[in-house]
Amino acid sequence: MTVREMLNRSYKQVIYLGLFLSLAIPLISPIGLPVPLQPTTLGVYNKIESLKSGDVAVIGSNIGAAIYAEVYPQYIAVLEHLFRKPGVKILLVGHGTEAPIWAERALKEINAYNRKTYGTDFVHLGYIAGEEAAIAGLCRDVHALLKVDYGGKPLGDLPMMKDIRNAKDFTIVVDFTASADSQYWLNQAYASYGTAIGFGLTAIKVPDAYAYYMAGQIFGIIESLSGAAQYENLIRRPGMAVTGMDAQSLAHLLYIALMVLCNLIFLAQGRAKK
Amino acid sequence: MLMAGKLSWAVITLVFSVLMLVALYLASKKIYVPQIREHAGIHAISEAIGRAAEMGRPVSFSPGTSSIYDAKYAGDTAAALRILDHVAREAIKSGSKLIVGIAPPTVLPVAQAIVKTAYTAEGKAEEYVEGDTVRFYSPDQWGFASSYMGMMHRERVAANFLFGGHAAEALILAETGATVGAMQVSGSTNVYQLPMFIVSCDYTLIGEDQLAAAAYLSPDPAQKGVVFGQDLTKLISVALIVIGALLATVGSKILSAFLRS
Amino acid sequence: MAGIWRSIASFILLVVSLVILFDFALKDATLQSLATDLNNWAVVVGAFALGIGAYSLILRHGRMITKKGRMWPYSAMLIVTMIVFVVTGLVTGSITSPQYNWIYSTFVMPVSSTLYGMNAFFIASASYRAFKARSWEAVVLLVAAVFIMLKNAPVGGVISPVLPQIGGVIWDFAGATGMRALLIGIGIGTLALGLRVIIGQEKTPLGGAE
Amino acid sequence: MIDPATSSILISTTLILAIYTILYRENPAFRIGEHLMVGATVGNAIVLAIFQIRDLAWRKLQSGFATGNISGMAYILPMILGVFLYFQFSSKLRYLARVSIALMLAVGLSLSIRGLIFVNVIGQIQGALAPLTNIQSIAYVIGVVCALLYFVYERRASNMAGPLPKIGRYVLMLTMGAYFANTIMGRLSIVIGTLTSLFVAPAWYLIPVAFLIIIADALIRRKGSTPS
């Protein structure tokens, strides 16, 4: 059996192996293929970079298993960036029961509890039930809506929360989500209190948000895995997004190559028949 | 009282329904029986079944993973069941073994009844095997997909039909069919899965094609009338788009205001 | 007897459909609660349908086990797994119990995500087989796919920033034309088929013509 | 004894690899994965259905009878209709099942009609009404009209439209190509997620084992096929 016969008979298996390799190699040893920087990602980076000591960053933590692959790497990268900024206070709050579990996982992953003091520099509020009304309540009066944090500690006992009462005290909000709550933040915090808003979104959600970006209503968008990879490059901490993008790039190249190759063979066969 | 923002819905649903029912009536009274062009995919169904019979290999059918009370794909499922009736009769006539794989439990009793009736009508009631001709795999999308894949490989199906509301398993089923060398005809109204069917099946009934095929395949020729009704409503839609865009160009928002009301 | 029940079925089909359709446009509390109840009813009846599925499945695999067919050990595995899930679920009384969570995340979740991800492999083989420029239609399909990939993957922008822009133009065009027509057609087609079923012209989805 | 977390990883990794072997060929490992998956998902669905009947129907029925609420008591009806489905297997009482199916079908079709007319038809027509002031919006209107005319089935009307339905078919193919390519990133993210979970110990050790088995099988099969 010649190589050609084997390829003819089991070309699919060869393609599958090729795809496996183009995904596995970058995961094992990242190549660092270039990812062009988008202005939307830079918008988020610059805004966070400009935060001064005492500023408050609210992080909308709405990660779930469904959007994990696209949004979680963005979330990690932004948290890491915030934790590098001395004196910046971080407030985490989410929707849905699953959200706080992912938030805690992310905090552990960046070693948050050993880098900043819980209660003084950052607070995890857990999740608030209720759609837009919940965000409206949070913007109006945090202490009226919530009495305790995710761990059950009274908010009054947390030094940081003494200075944070309503959306006027939020310097920025970065919401990580794939659902309508990005809109809620825009309606409640931006429209009513003028708080600066940025998003970390799945690819599907980006077109809607892009209109707000063009209108100057939000300072930036981190777009899916590629946005996360750009952010990891900006903060010089290549992580799961950069390796993921390597794999994405290689796989896309493979698909395009396969489409070209099949057409070349098709044309060659057509000519041979003539 | 009419709810705010639903006036246009009420008007359009009513006008479209009346047009369709009138067209259906005209056809049933033989006043106007429209000539409907046949989709290449419908002819391909018979071709695929004939080929399977020649090869002595089975025919498989999936009516999708959406239940009959699905709020979006119920019509898709209903159309798939109409096509199942056609495929079952053709397959039984040709003498091929028929395997129907089912995911949603609500579709199961309907599919069983359709296939059983088809076998009885062709005088081959003894060939229908309870639990085996119409197979319930799993209500779970991936449980179903793994079984259907395994079935296509093991039975070496020669004709595979994928209709109705398929979700992300669409490409998996269709590519497996291509791998085992089956001729495949598919259809769906799930716009995200149609591209998958188009690239890996021989013929695909795109969106409305499948819904119109449900009327076209009906043994009662009067049902073709409704397809003409569909055409009329589409021409109205075309007119609305063209007139509305022209009105918008000259600065009038009257039509889009109506649609929003 | 049969005739009466057949009329009842037609009656239910028509009345339930009208209630739910009118509920969409009319502001009426009674209608709304009736529509909600009918919707829940369908879900309850649907839950009963699973019993038919389970019966059908057990019948088929039970037959294979008793006949000791080629596949009987797999059939036995299937039945045992099914029983383990049902017993664990019912004994712990909740699908969120740690035990149930363990079997679910060990058996169901990895296989689901594997099959879902397997699409990537099938996209590769489909790319090689289906995108041959046999006809102008296939050429259009191919060109659109390649430019959208170059828009989505960072490689496109690295080769030339124009490529993602072309991809963007194609994407916007596709969404505003083909997708729009497809969606309108599906709406119209569903109305037509739905009407025929509701007024009793199409009986197949009820279980075949009698 | 291995702890539950590790054993979960080992079992799930084995299952992942077993399912992946279908890409090579249909084989016993895949069959095991397949049948376990079906058993597990059907079992899961049965548990869910029982809880659903309990929470959605039985509890409402109980409280309905306790408080005399008619809407609650009425939940006896879907339960009877649920039982009716089983008459499907009786040749004499088959028509009873049709009543239950009629209810479900009516709910599904009417919900679909109202949603699809509202979102698909009205929403999309409204989306198409942009002023024709630039090339782009003119192209959009021509494109959507051609694509709609492709879906005209009556012969004479279709012929009258001339080449437009044919152009519409190209527009649809362009759309399909674009939407095909656009799903790729999402699908890749999922497979990358799965592979990432495989590339950590102890799951990692199972990958070479799987590959060795496949290679061995390929060699045996090749040897087996040479004499013929």
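Predicted model: local features only at pLDDT ≥ 70, side-chain atom pairs only at ≥ 80, totals over all residues.

Me: Let's begin with chain D. How many helices and strands does chain D have?

Reply: Chain D has 9 helices and 0 strands. Reading along its sequence, you get the pattern α-α-α-α-α-α-α-α-α.

Me: What is the radius of gyration of chain D, and what would a compact globule of 228 residues have?

Reply: Chain D has a radius of gyration of 28 Å, whereas a compact globule of 228 residues would be near 17 Å. The C-alpha trace of chain D spans about 65 × 65 × 40 Å along its principal axes. As for burial, 54% of the 228 residues in chain D are buried.

Me: Now the helix pairs. How are two packed helices described?

Reply: The general idea is to give the angle between their axes and the distance between those axes. Take helix α1 (residues 2-25) of chain C and helix α5 (residues 94-127) of chain D: they pack at an angle of about 20 degrees, with axes 8 Å apart. Angles under 35 degrees count as roughly parallel, so α1(C) and α5(D) are roughly parallel to each other. The crossing of α1(C) past α5(D) is right-handed. By class, this contact between α1(C) and α5(D) has 21 nonpolar, 2 polar and 3 charged residues.

Me: At what angle do the axes of helix α8 of chain C and helix α8 of chain D cross?

Reply: Helix α8 (residues 178-198) of chain C and helix α8 (residues 164-198) of chain D cross at roughly 100 degrees, and their axes come within 8 Å. Angles of 65 to 115 degrees count as roughly perpendicular, so that is the word for α8(C) and α8(D). On the α8(C) side, C:G178, C:M179 and C:L182 take part, meeting D:V171, D:L172, D:T175, D:M176 and D:Y179 of α8(D). The residues in this contact of α8(C) with α8(D) are 6 nonpolar, 2 polar and no charged.

Me: Next, single residues. Is C:A35 buried or exposed?

Reply: A residue is called buried when its relative accessible area is under 20%. C:A35 has 6%, so C:A35 is buried. You will find C:A35 in helix α2 of chain C. Leaving out residues up to four places away in sequence, C:A35 touches C:V19, C:I20 and C:D23. C:A35 and C:D23 are 12 residues apart in sequence, and their C-alpha atoms are 6.7 Å apart in space.

Me: Which residues of helix α7 of chain A are buried?

Reply: In helix α7 (residues 132-140) of chain A, the buried residues are A:A134, A:I135, A:A136, A:G137, A:L138 and A:C139. They pack against β2 (89-94), β3 (122-127), α8 (142-145) and α9 (181-193) of chain A.

Me: Last one: where does A:R236 lie, and what is its phi?

Reply: A:R236 lies in the loop between α11 (224-234) and α12 (240-273) of chain A. Its phi is near 55 degrees, a positive value in a residue other than glycine. With a relative accessible area of 72%, A:R236 is exposed.

Me: And where is C:K68?

Reply: C:K68 is in the loop between α2 (29-67) and α3 (72-92) of chain C. C:K68 is not a glycine, yet has a positive phi of about 50 degrees. Its relative accessibility is 55%, so C:K68 counts as exposed.

How values were computed
Residues numbered from 1 in each chain as written. Chains lettered and ligands numbered in written order. Heavy atoms only, no water. Axes fitted to C-alpha atoms, helices over the stretch in contact; angles between N-to-C directions. Helix = DSSP H or I, 4+ residues; strand = E, 2+ residues; numbered from the N terminus. Parallel < 35°, antiparallel > 145°, perpendicular 65-115°, else oblique. Left-handed = near helix turned anticlockwise from the far one by under 90°. Nonpolar A, V, L, I, M, F, W, Y, C, P; charged D, E, K, R; others polar. Rg over C-alpha atoms; globule rule 2.2 N^0.38 Å. Buried < 20%, exposed > 50% of the residue type's maximum accessible area, 1.4 Å probe, protein only. Contact = heavy atoms within 4.5 Å.
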